[in-house]
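This report describes the strand arrangement and selected side-chain contacts of the structure shown below.

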Amino acid sequence: MSASRTVLITGVTRGLGRAMAHRFAEQGHIVIGCGRSAEGIAQIRKELGSRHRFNVLDVSSDAQVKNWRNQVLEAYAPPDLLINNAAVVNRNAPLWKVPADEFSTLIDVNIKGVANVLRHFLPAMVARKSGVIVNFSSGWGRGTDAEVAPYCASKWAIEGLTQSLAKELPAGMAAIPLNPGIIDTDMLRTSFGDAAGSYPSAEEWAEVAVPFLLKLSPSDNGRPLTVPC
Ligand SMILES: NC(=O)c1ccc[n+]([C@@H]2O[C@H](COP(=O)([O-])OP(=O)(O)OC[C@H]3O[C@@H](n4cnc5c(N)ncnc54)[C@H](OP(=O)(O)O)[C@@H]3O)[C@@H](O)[C@H]2O)c1
C-alpha cells in the first residue's frame, strides 16, 4: 500500500464519486467528500467511518464550499489529491428546448462549482507547493453529440479551465482534465437509458481508476488524460 494520502472528492453519494471514495478508503487513504443528498451522505458516513469526513453541501454555493473548507482544514491537512467529480447532465433535448433554469443550474454546478472548490482549497495547496487536482471532464469534453449541448459546453469549459490553471500552479503541483470513460451510473442512464447497462459498473471502473489516479504526478500537469479501459 502507498503512504496514506488525503483525497478530497466532490459528489460521493452516488456513481463514480461514491465508488472512488470506497476504493481510496479501502486502500488506507483519508477521504473527504460531499454531496447534496443528506441520505447519501449519512449512508457513506456509516459505511466508511469517522476517520473520513463527509458533508452535505452544494458545490454551486460559494458560501457553502467556503464553510466546508474552513471545517475541513481545521481537522485535516490540505488535500494531496483533489478530485472535482460532482456534475449534472441535462435531460436529452436539442439546445433550443433546454429551459433556461436547467441550463443555468448545469453551468452553476459543472463549471462554477469546480471554480468554487478550487477558489477555497487551492490556496492551502499552493502554499504547500504540492498536490494534484483532477477535474472530471468527459468524452463530451473533447467531442460532441446531439441533445447534450449544455453538458458538452460545460465539459469543454473544464478542459480549458484546467489547462489554464496548469499554467498558474507552482512547480510540484498538477492540474489534469480527466475523461473517466463510459460507466453505468445514474448520469449515464439519463443520457443513454437502459443501454447504459452494457457499460462497466462504477465499482469495476474504480478498480482501475483509483490506482491510475494515485500515480498522477506533477509531470502530468496540463495533460488531458483518460482512464484506461
Ligand atoms: N458516467 C459516465 O459514463 C461519465 C462519462 C464521462 C464523464 N463523467 C463525469 O464523471 C463525473 C461523475 O459522474 P457520475 O456518472 O458518477 O454521475 P452521477 O451518478 O450522476 O453522480 C454525480 C454525483 O455528483 C453529486 N452532485 C451533483 N451535483 C452536485 C452539487 N451541486 N453539489 C455536490 N454534489 C453534487 C451527486 O450527488 P447529490 O445528488 O447527492 O448531490 C452524485 O454524488 C461527472 O463529472 C461526470 O460528468 C461520467
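## Sheet and salt bridges

β4 and strand β5 (residues 131–136) are paired in the parallel sense over four bridges, where pairing requires that DSSP finds at least two bridges between two strands. Leu 82 stands opposite Ile 133 in β5. Helices (H or I, at least four residues) and strands (E, at least two) are DSSP runs, numbered from the N terminus.

The model is predicted: local features need pLDDT of at least 70, side-chain atom pairs count only at pLDDT 80 or more, and totals for chains, interfaces and linings use all residues. Residues are numbered from 1 along each chain as its sequence is written, and side-chain values use heavy atoms, leaving out hydrogens and water.

The open sheet consists of seven strands in the order β3-β2-β1-β4-β5-β6-β7, with parallel pairing. Its edge strands, β3 (53–56) and β7 (225–226), each pair on one side only.

Eleven salt bridges are found in the whole structure; each is a side-chain nitrogen of Lys or Arg within 4 Å of a carboxyl oxygen of Asp or Glu. Three of them are tabulated.

| Salt bridge | Closest N to O |
|---|---|
| Glu 47 with Arg 18 | 2.9 Å |
| Arg 189 with Asp 194 | 3.7 Å |

Glu 47 lies in helix α2 (residues 38–48) and Arg 18 in helix α1, so this pair ties together parts 29 residues apart in sequence. Arg 91 is exposed at 53% relative accessibility, whereas Glu 102 is buried at 17%; buried means under 20% relative accessible area, exposed over 50%, and partly exposed in between (1.4 Å probe, protein chains only). Salt bridges with shared partners join Asp 184, Arg 189 and Asp 194 into one network.
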